[in-house]
Amino acid sequence: MNPPRRQLRRHGSLPVPLLGLAFVAAAFFLLPLVGLVWRAPWSRFIDLVTGHDVRSALSLSLQCSLAATLLSLLFGLPLAAWLALGQSRLRTSLRVLVTLPMVLPPVVGGVAMLLAYGRNGIVGAPVDHWFGVALPFTRAGVILAETFVAMPFFVLTVEGGLRSLDARYGGAAATLGASPWRVFRTVTLPMIAPSLKAGLLVAWARALGEFGATITFAGNLAGETRTMPLAVYVALETSPDLAIVSSLLLVVIAACVLFLLRKQWFPSS
Amino acid sequence: MKRPPSYLLWFVLAAVSACSDGERERRGLLERQSVLVFAAASLTACFQALAKDFEALHPDSKIDLHFAGTPQLVLQVREGAPVDVFASADEANMRRVIENAKVVGRASVFARNRLTIVVAKGNPKAVRGLADLARADLRVVLCGPEVPAGRYARQALEKAGVVVRSLSDEPSVQAVVNKLRLGEVDAGLVYVTDWASAQEDLDAVAVAGEHNVTAAYPIVSLGAGENRTGAALFVDFVLSSAGQALLQRYGFSSP
């Protein structure tokens, strides 16, 4: 499936200088994790992670990050398709727009979201006035904040997959009489499945770790909007042990999910 | 697996020696008489002014300021930040620093602060005191109980016998002020000094004297820093009459 890689194997390992740099990069990621494991109060681990606060924060995190990933799929896939395949002149500006939330410090993103979707926001004020629905300080607000920061990762990943697609397959299907919807569903989607899965994974991981936009837009209330990253932040100021243990729990859960999905989601490994 | 080639080891050694170069560079910076001051977030504006006045008095010195929520500063001090002076928003966090870090001299209280209710300009929801914060039609936020301002707020509410449902445990007084500025909530409890720097946008409703809580701000010089002379000079300046006058201009009261 992956010829350059096989060739590399046949010729022996990576050039040594590259191997050295790769080693440094891997150690750079590994050592902070080692630090957490090193400092973790293992004797009290079970007591700490089975506490009510951790459980409620964790279940809230999992629900909200999953919902944010689904929203990213529902709205992000059409957006990515438009960016990659559409003819509109707006596409370049649109791509910049989608990339901006990745650059924006999430805390600022949260303030910007308040200005738009808050009680006095451009959209939030009329919605609050007519329907009596306000998003800040609610679970829906958490999902929205996480979607705001996670969806760009999904869109850009999937757009990359769509752009590297050979347009002739879709063209062939179309000349055989398939409608645009059918071409998209039966030809395009299966061909971009790998980037679709990768996009979902990064978006989910980003949503799970989201902190700044959530605490600014959705607030920080235990059981309602306090997700794991927020619980870790609060714990850091009261009980650093609990913070370390909660972070490890989050890392272990994410690692398990990535490990279980490795066959289907990273076919080349 | 193939044995890693031997020059990987040199690579690691080179990386390690680069670290000690960084150490030398850091000492070089400190020789320029800079004093690293960690101060509670609620001290931001007045400590910036204090540092400016101090540098004018001692032209060979430089004050480096770092502001954050007090608990976060405590964590950074404990993890070995090379801090010369630490100014806390409460005495509990000062005790945690004294227990966990080397302290030079004794901590002394240099300022006091009180709580106030903040509301939108013109007080549209007609808030008259702490008791009103329990009203169902009012959206209220407080700082989290881990932040000094949040703990003081809960103490005041308890004294007044008022039970408030805070919509969110905000991470700092600034976050509470911002939620009010954006019109996201109707009322919050912050320090008088926070309102003093936001009074163009917000109105204050006084907390009754018998329910109010006095926050004491202690300051201390730390042994972790390498500029003890500069640290002592700065602490003396904050406690001096010039320093006290400046603190009062920012709404703090004298110890």
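This is a predicted model: local features need pLDDT of at least 70, side-chain atom pairs count only at pLDDT 80 or more; totals for chains, interfaces and linings use all residues.
Modeller: Residues are numbered from 1 along each chain as its sequence is written, chains are lettered from A and ligands numbered from 1 in the order in which they are written, and side-chain values use heavy atoms, with hydrogens and water left out.

Colleague: How many helices and strands does chain B have?
Modeller: Helices (H or I, at least four residues) and strands (E, at least two) are DSSP runs, numbered from the N terminus. By that reading, chain B comes to 9 helices and 9 strands.

Colleague: What percentage of the residues of chain B count as buried?
Modeller: Buried means under 20% relative accessible area, exposed over 50%, and partly exposed in between, with a 1.4 Å probe and protein chains only. Chain B has 255 residues. The buried part of chain B is 47%.

Colleague: What share of the contacts in chain B with a separation of 6 or more joins residues 24 or more positions apart?
Modeller: Contact means heavy atoms within 4.5 Å. For chain B, the share from residues 24 or more positions apart is 76%.

Colleague: How much area do chain A and chain B bury between them?
Modeller: Buried area is the accessible area (1.4 Å probe) that two parts lose on being put together, summed over both. Here 26 residues of chain A are in contact with 27 residues of chain B. In chain A, A:R119, A:F137 and A:E237 lose the most area to chain B, together 32% of what that side buries. Carbon and sulfur atoms carry 58% of the total, which is about 2,400 Å².

Colleague: Which residue of chain B forms a salt bridge with A:R39?
Modeller: A salt bridge is a side-chain nitrogen of Lys or Arg within 4 Å of a carboxyl oxygen of Asp or Glu. Across the interface of chain A and chain B, the rule finds 3 salt bridges. In the one with A:R39, the closest N and O atoms are 3.1 Å apart, and the partner is B:E79.

Colleague: How many residues apart in sequence are the parts that A:R44 and A:D241 tie together?
Modeller: Their side chains meet in a salt bridge at 2.6 Å, N to O. A:R44 lies in the loop between α2 and α3 (45–49) of chain A, and A:D241 lies in helix α14 of chain A. A:R44 is partly exposed at 38%, and A:D241 is partly exposed at 27%. So the pair ties together parts whose separation in sequence is 197 residues.

Colleague: Is A:R168 buried or exposed?
Modeller: A:R168 forms a salt bridge with A:D166, with the closest N and O atoms 2.7 Å apart. A:D166 counts as partly exposed at 29% relative accessibility. With a relative accessible area of 65%, A:R168 is exposed.

Colleague: Which helix gives the largest share of the nonpolar patch?
Modeller: Patches are made of residues with over 30% relative accessible area and no salt bridge; like charges are joined within 9 Å, and nonpolar side chains (Val, Leu, Ile, Met, Phe, Trp, Tyr) within 5 Å. Accessible areas come from the Shrake-Rupley method with a 1.4 Å probe, and for residues only the protein chains shown count as cover. A:L30, A:L31, A:L33, A:V34, A:W38 and A:V251 form this surface patch, with about 610 Å² of accessible area together. The largest share is 5 residues, from chain A's helix α2 (residues 16–39).

Colleague: Which helix does A:V251 lie in?
Modeller: A:V251 is a member of that nonpolar patch. A:V251 is partly exposed, with a relative accessible area of 33%. Its helix in chain A, residues 240–260, is α14.

Colleague: How many disulfides are there over all chains?
Modeller: A disulfide is a pair of cysteine sulfur atoms within 2.5 Å. B:C143 is in no disulfide, and the nearest cysteine sulfur, that of B:C46, is 17 Å away. B:C143 counts as buried at 1% relative accessibility. Over all chains, the count of disulfides is 0.
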